[in-house]
Amino acid sequence: MIIDDALITYLEELSCLALSEGEKLRIKGDLQKILDSMAMLAELDTEGVAERSHPFDNVNAFREDVVAESFDRELILKNAPLRSKNAFIAPTTVQ
């Protein structure tokens with residue numbers, strides 16, 4: 001892929017940015033370096049390497065969901081300035 005002025009202008013419009021000529025020149029060079037690095041990776045021999053979605057073999061270790069005693073609801077609601085039965089009453093934030 002060739003990084004030219006037309007591509008930089010397209011990316012500028014796509015990202016809703018207004019770039020100076022100096023910024024365009026710098027981004028042009030940066031994008032070319034990125035593409036060159038990707039081209040080097042494409043040259044690697046990956047024959048026989050297993051595909052992976054993550055670099056580690058870790059798996060999620062979830063604990064069992066067990067019902068347990070919690071805080072005393074009445075003790076917590078005692079601090080509420082306003083309450084309705086078992087809930088706090090808060091001011092309306094969206095109308």
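Me: Which helices hold Lys24 and Glu12, whose side chains meet in a salt bridge?
Reply: In this predicted model, local features need pLDDT of at least 70, side-chain atom pairs count only at pLDDT 80 or more, and totals for chains, interfaces and linings use all residues. Residues are numbered from 1 along each chain as its sequence is written, and side-chain values use heavy atoms, leaving out hydrogens and water. The bridge between Lys24 and Glu12 (a side-chain nitrogen of Lys or Arg within 4 Å of a carboxyl oxygen of Asp or Glu) spans 3.4 Å, N to O.

Me: Is Glu12 buried or exposed?
Reply: Buried means under 20% relative accessible area, exposed over 50%, and partly exposed in between (1.4 Å probe, protein chains only). Glu12 has 11% relative accessibility, so Glu12 counts as buried.

Me: Which residues are linked with Lys24 in a network of salt bridges?
Reply: Lys24 also forms a salt bridge with Glu21, with the closest N and O atoms 3.7 Å apart. Because Glu21 and Lys24 are 3 residues apart in helix H2, about one helical turn separates them. The network joins Lys24 with Glu12 and Glu21.

Notes. Helices (H or I, at least four residues) and strands (E, at least two) are DSSP runs, numbered from the N terminus.
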